[in-house]
Amino acid sequence: MSGNMNLTLKVWRQKNTSASGTFETYQASGISPDMSFLEMMDVVNEDLIKQGKDPIAFDHDCREGICGMCSMYINGRAHGPLKGVTTCQLHMRTFKDGDTITIEPWRSSAFPVLKDLVVDRSAFDRIQQAGGFVSVNTGSVQDANSIPVPKENADEAFLSAACIGCGACVAACKNSSAMLFVSAKVSQYALLPQGQVERAKRVVNMVEQMDQEGFGNCTNTEACEAECPKQISVSNIARMNREYIKAKLFS
Amino acid sequence: MALNSNTPSGPLSEKWDNHKFNLKLVNPANKRKYDVIIVGTGLAGASAAASLAELGYNVKTFCFQDSPRRAHSIAAQGGVNAAKNYRNDGDSVHRLFYDTIKGGDYRAREANVYRLAQVSVNIIDQCVAQGVPFAREYGGLLDNRSFGGAQVSRTFYAKGQTGQQLLLGAYSAMNRQIGAGKIQSYTRHEMLDLVVVDGKARGIIARDMVTGKIERHAAHAVVLCTGGYGNVFYLTTYARGSNATAIWRAHKKGAYFGNPCFTQIHPTCIPVSGDHQSKLTLMSESLRNDGRIWVPMKKGDNRRPEDIPENERDYYLERIYPSFGNLVPRDIASRKAKEMCDEGRGVGASGLAVYLDFSEAINRLGQKAVEARYGNLFDMYKQITGEDPYKTPMRIYPAVHYTMGGLWVDYNLMTTVPGLYACGEANFSDHGANRLGASALMQGLADGYFVLPYTIGDYLAGEERKPITTDHPEFEAAEKNVKGMIEKLLSVKGTKTSHDFQRELGLIMWNHCGMARNEKGLIEGIEKIKALRQDFWSNIMVPGSGEELNQNLEKASRVADLIELGELMMHDALHRRESCGGHFREEYQTPEGEALRDDDNFAYVAAWEFMGVDSPAKLHKEELNYETVKRSQRSYK
Ligand SMILES: Cc1cc2nc3c(=O)[nH]c(=O)nc-3n(C[C@H](O)[C@H](O)[C@H](O)COP(=O)(O)OP(=O)(O)OC[C@H]3O[C@@H](n4cnc5c(N)ncnc54)[C@H](O)[C@@H]3O)c2cc1C
Ligand code: SF4
Ligand code: FES
């Protein structure tokens, strides 16, 4: 087919968490510009299997930018060169014939590599378990319309809640800080009446867990916002800092 | 075994309340003596896990993704229905019930659907209390929209990301219980077998997908919330990992499979662009509120859409269904698109697409207003196709989207294996032969938050309170079975990958058991699938070993199950000599080409019993008795 591309891939290969990894070089030929990045990886993997070699392990599921599973560091950028796009939504028309593409896993000591491009992001779950919820039991609630919520607050809470938990913010940050991810959840609840009762306790518990997981400090470089596929705003971080100070002062 | 739906007696509107009163209760202090395994953490699994843990049961959850939050429910776009009647537009529990029964072409159980409509209102209350940021109006109250052709506005939504927000709500409730030590969450774990001891579900065999270790887990009851099996068609709107392994292996251990051939094909998806494609993307149904669907009048007209004058376009849905127009139910919209393409009037390079045109809406409302309504969908379309839908009509084509079939369950959501439950898309569900838009999220959450927590107590109350252990010979045998299958997959060392096989399977299913089916095609299809199964077990190539993270091994084991399930779907489609909802048999249609039901002979749920891979499954029938609704021919004209 005309317009198809030949690319060189330099891919991080690592057998498991304790093994040391290295870059391997592969050729991806006959790649259509309409393919998604992951479809290009599928083609490469099918070739590898047919040559009797071990295919490249990578995480993916929905392939439409919402599950947060895909996680590739492409040419030095989390989720690749486009803004507001996950790896699975990146299309090959973004690249040129003859390009060399470097593909790495998320790099952070809080996200150990499990194999090749697959990392362990369970630290994110543990932060949510420390306080990312409203304590209501099933069935013990009032009518949904009994507490009006100003539309602006609801809309802003939604924007924070749109985080897909992918971890690109951590991968993009030179300090491996998880502040954008954590602050998005803290903000969602701080903006809604349902989140008020546990507001102070929540932020303190989540921040403590974040520190225990070994994420770094925030030095306001804002690389997280620039690379976040859902364009979660750094204003969430400012809000979380205020929430945290308030909680500490009055506790 | 006789099929007993355990539907309570009494008037429809009182059945659930009476039933709840009659169910046995487990004393609060005793709840912590019972262990429950929940496989799947989508809307159904996460809501069930949180609710059971809040009640005091010890819960273990399993999912194959790296976090419970990534279950496929996350991808649902449009919204969730509830009979709140906040709009004062005539909605009611009875109307939601009636619409669902009619939409399902009278192949669902009345009592279940009525209960679903009843608890729908509680779902919204629960989600709001959890902090789910639904769309609101300026007065601060919840906004609604009409969806999928419903004549009332009962759909609650959070932009185009309703599934995400509902799932994150249920996930947060789960997290609270994980933090409290009441749920143990196993991620990157795949259930590979059900363990049945003395006729009761007592545990599962799971594989740790990072280390490859095969593990035994025991409990007093097992709940499968593992989603739908549409990936048997390969190219679908499902996540890549969605699969049938959990329900299929439970089926092989005695759980009957209900209405396997009932598949939903969604009319508005982005068409296939080439062989490399790995999935299809859904464009929300809400687009049909303002977009007009058409094809050229002339066959093989390959002018650009802008160059085809108004009088040479056929707005076929508006022509055939003047009162519902572009808003007819999904099964009808899909089938008509296929007919147009079969006539040679399809558009695009492949001829397998129809136009969804917004030019009239842009003229009427202005580009800004259209952008405000559908901006994110237009962007997504552009990102995938490279075309700008503000300038040129979208091209759409139907794609597999949902499976109404699943494990047969009674009114208590219990399968034919005592102690084994199925919730959400994994059960044969409340949607009959066709599901209405925004009703899957409703059903998943209804099952998990408001039905299972009551009904499972009735079973557990009769069980001994001592822990179930994994030293039974049945665990041993199941573990051996799982290890045997893995070894077999690794040892074939053939020439074709699991990907090759899934594509072949998908093509057979789509051609022989897709949007339109007929006897000859199904008989041929069954032969092809049998041959494919043979080929699979002599030619599959799986690299690597079982003792490591091995994505190809995972996939091969799923494809093996999908092949077997595909064969059952064909048998079911062949035996159902009528058309209903998403099941369209070409031999059974009205003179106008609409689905022709046969209520005298097929007003039943087909529940299939596994008799061995090489033996035909055995059919059991659950007759559907309609006490309240009068069955009629669906009409949307
Ligand atoms: C693109 C798209 C849009 C949709 N939009 C809507 C909408 O607007 N409104 C609506 O009502 N419905 C919609 N639906 C349908 C709806 O999203 C699904 O039917 C519903 O979310 C299914 O939920 P579930 O909990 O049953 O299963 P899922 O969310 O599919 O969860 C399955 C779970 O089971 C786990 N699992 C599966 N097998 C195993 C195994 N062997 N071992 C361990 N774990 C396992 C998975 O890890 C996952 O956690 C949409 C569907 C799609 C595809
Ligand atoms: S904040 Fe953005 S980058 Fe970070 S996890 Fe959420 S979506 Fe991903
Ligand atoms: S695969 Fe789901 S976000 Fe990329």
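In the predicted model, a backbone N or O atom of Ala44(B) sits 3.0 Å from an oxygen atom of ligand 1. Two side chains of chain B also approach ligand oxygens. An N or O atom in the side chain of Ser73(B) is 2.5 Å from an oxygen atom of ligand 1. For Glu425(B), a polar side-chain atom lies 2.6 Å from an oxygen atom of the ligand. The protein covers 98% of the 1000 Å² of accessible area that ligand 1 has on its own.

Ligand 1 is located between chains A and B. The shell around the ligand holds 38 residues. Those that come nearest are Gln65(B), Ser73(B), Gly78(B), Met191(B) and Glu425(B). By residue class, the shell divides into 17 nonpolar, 17 polar and 4 charged residues. Several elements of chain B contribute. Helices α3 (43-55) and α12 (440-460) each supply at least two shell residues. Strands β6 (189-197) and β15 (394-403) each do likewise. The largest share, 3 residues, comes from β6(B).

A further element of chain B is helix α7, which spans residues 245-252. This helix is mostly covered, with 7 of its 8 residues buried. After α7(B) comes Gly254(B), which has a positive phi, near 120 degrees.

Terms used:
Residues are numbered from 1 along each chain as its sequence is written. Chains are lettered from A and ligands numbered from 1 in the order in which they are written. This is a predicted model: local features need pLDDT of at least 70, side-chain atom pairs count only at pLDDT 80 or more; totals for chains, interfaces and linings use all residues. Side-chain values use heavy atoms; hydrogens and water are left out. A residue is near a molecule or strand if one of its heavy atoms lies within 4 Å of it. A polar contact is a pair of N or O atoms within 3.5 Å; within protein, one must be able to donate a hydrogen and the other to accept it, and residues adjacent in sequence count only if both atoms are side-chain atoms. Accessible areas come from the Shrake-Rupley method with a 1.4 Å probe; for residues, only the protein chains shown count as cover. Helices (H or I, at least four residues) and strands (E, at least two) are DSSP runs, numbered from the N terminus. Ala, Val, Leu, Ile, Met, Phe, Trp, Tyr, Cys and Pro count as nonpolar, Asp, Glu, Lys and Arg as charged, and the others, Gly among them, as polar. Buried means under 20% relative accessible area, exposed over 50%, partly exposed in between (1.4 Å probe, protein chains only).
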